[in-house]
Amino acid sequence: MSSPEASLERSANAAVTGGFNFIQLADPQFGMFAEISARSPERIAEWRAAGRIVREVPLMTGFAPETGLFTEAILVANQRHPAFVVVCGDIVYDWDDDPQAEEARRIAGQLDEGIDLHWVAGNHDVGVDSGHRTPTRESLARYRAGFGPDNYAFQQGDTSFIVLNSSVMQAPEEVPDEWKSQLDFLAAELDEAKRRGSAHTVLFTHIPLFLSDPDEDGPESNSAAIPLVQRRPVLDLLRRYGADAVFAGHLHENNYAADGKMEMVASGPVGYPVGVDGSGFREVRVTPDRIDHRWSHLAYKPPYKESAAD
Ligand SMILES: [Fe+2]
């Protein structure tokens, strides 16, 4: 795959008219630094043994690092003035923690007038973590009250954007009707994009549909991505309508894959990172004939115990 960074440079330098930019953020996840700081040395060692880059954090409470990182991301957006900012889920660590959600909304409120903001539900936003596998009526209702709809669509120029709650897609056990209506909603919106003659159709989720291969199956893709049984009908629809790209988060590191010409981009986090790339954001350029994107680091340095890989 060609470098997204190089192609964005080319596109920007070509001064193509008729396009727009947006900024994708993922996993600001207010509360995660404190959670990491309280992990036992044994859990940290297990994580490292699994091949993770673990940046240790001195014992802390609250969410000062998340505030620093997310504030910088919003200030960057104000400088670059994209058409919109999308936050691809895991806004908070604890779905039922009011101070975490209020801080995320307070900082997002600093976005300049004229830049739209779109929230996407992440697993932590709807109560899905190592302790609970599926969203519930209660967790979905709380998310919708705090951040608005979790399945919706919008149009920017000649591009159709569709936002889906991927935690429902990943584990619909307690909300099977939500999964059925989500699939119907996706089909209807893809059809609407086609009827409108949109140049591009782009999806925003939190959990990537797959990690490397659209047909992959097994424990890793069932937990870090969408299990094959739910992924298949979604990919069938995206192929039928020729969707261009899916932008997600969830992995806390950048990950690039593709299904034919459709890009599957999982972006690293605004918040706590586990990959080499650290914390950052993705800028996306949409022109009539292409979509280019580039990942950039944030400058804010969280209080890690040791100098980290980034
Ligand atoms: Fe996350």
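User: In this predicted model, which strands does helix H8 lie across, and at about what angle does H8 run to S5?
Analyst: Helix H8 spans residues 176-196.

User: What is the order of the strands in the open sheet?
Analyst: The sheet is open and has six strands with mixed pairing. Strand S4 (152-156) and S8 each have a single partner strand, so they stand at the edges. Neighbouring strands are turned by 20° against each other on average, direction ignored. The order is S4-S5-S6-S7-S9-S8.

User: Which residue of S7 is the bridge partner of Leu203?
Analyst: Strand S6 (residues 200-204) and S7 run parallel and are joined by three bridges. The bridge partner of Leu203 in S7 is Val246.

User: Which residue in S9 stands opposite Val246, and which stands opposite Ala257?
Analyst: S7 and S9 pair in the parallel sense over four bridges, while S8 and S9 pair in the antiparallel sense over five bridges. Val246 stands opposite Met264. For Ala257, the residue opposite in S9 is Met264.

User: Which residue takes a positive phi in the hairpin of S8 and S9?
Analyst: The hairpin has two residues between the strands. The positive phi, near 60°, belongs to Gly260.

User: How many residues of strand S9 are buried, and which residues point which way?
Analyst: In a regular strand the side chains alternate between the two faces of the sheet. In S9, Met262, Met264 and Ala266 point one way, and Glu263 and Val265 point the other way. Strand S9 (residues 262-266) is mostly covered, and its buried residues number five of five.

User: Which atoms coordinate the iron ion, and why is their arrangement irregular?
Analyst: The donors are Asp27 (OD), Gln29 (OE1), Asp90 (OD) and His252 (NE2), at 2.1 to 2.2 Å. Along the chain they follow the spacing D-x1-Q-x60-D-x161-H. The four donor atoms subtend angles of 88 to 176° around the iron ion, which makes the arrangement irregular.

User: How many residues apart are Gln29 and His252?
Analyst: Gln29 is in the loop between strand S1 (20-25) and helix H2 (32-37). His252 is in the loop between strand S7 (245-248) and strand S8 (255-259). Both residues are buried, and the pair links parts of the chain 223 residues apart.

User: What is the phi of Gln29, and what is the phi of Asp90?
Analyst: Gln29 is buried, with a relative accessible area of 2%. Asp90 lies in the loop between strand S2 (84-87) and helix H5 (98-108) and also counts as buried, at 2% relative accessibility. Neither is a glycine, yet phi is positive: about 45° for Gln29 and about 55° for Asp90.

User: Which residues does Leu25 touch, not counting residues up to four places away in sequence?
Analyst: With sequence neighbours up to four places away left out, the residues touched by Leu25 are Phe70, Ala73, Ile74, Val85, Val86, Val87, Cys88, Val270 and Phe281.

Notes: Residues are numbered from 1 along each chain as its sequence is written. This is a predicted model: local features need pLDDT of at least 70, side-chain atom pairs count only at pLDDT 80 or more; totals for chains, interfaces and linings use all residues. Side-chain values use heavy atoms; hydrogens and water are left out. Donors are N, O and S atoms within 2.8 Å of the metal (3.2 Å for Na, K and Ca); water is not among the atoms, so sites may look incomplete. Four donors count as tetrahedral if all angles lie between 85 and 135 degrees; four count as square planar and six as octahedral if opposite donors are over 155 degrees apart and all others between 65 and 115; anything else is irregular. Buried means under 20% relative accessible area, exposed over 50%, partly exposed in between (1.4 Å probe, protein chains only). Two strands pair if DSSP finds at least two bridges between them. Axes are lines fitted to C-alpha atoms, for helices over the stretch in contact, and angles run from 0 to 180 degrees between N-to-C directions. Contact means heavy atoms within 4.5 Å.
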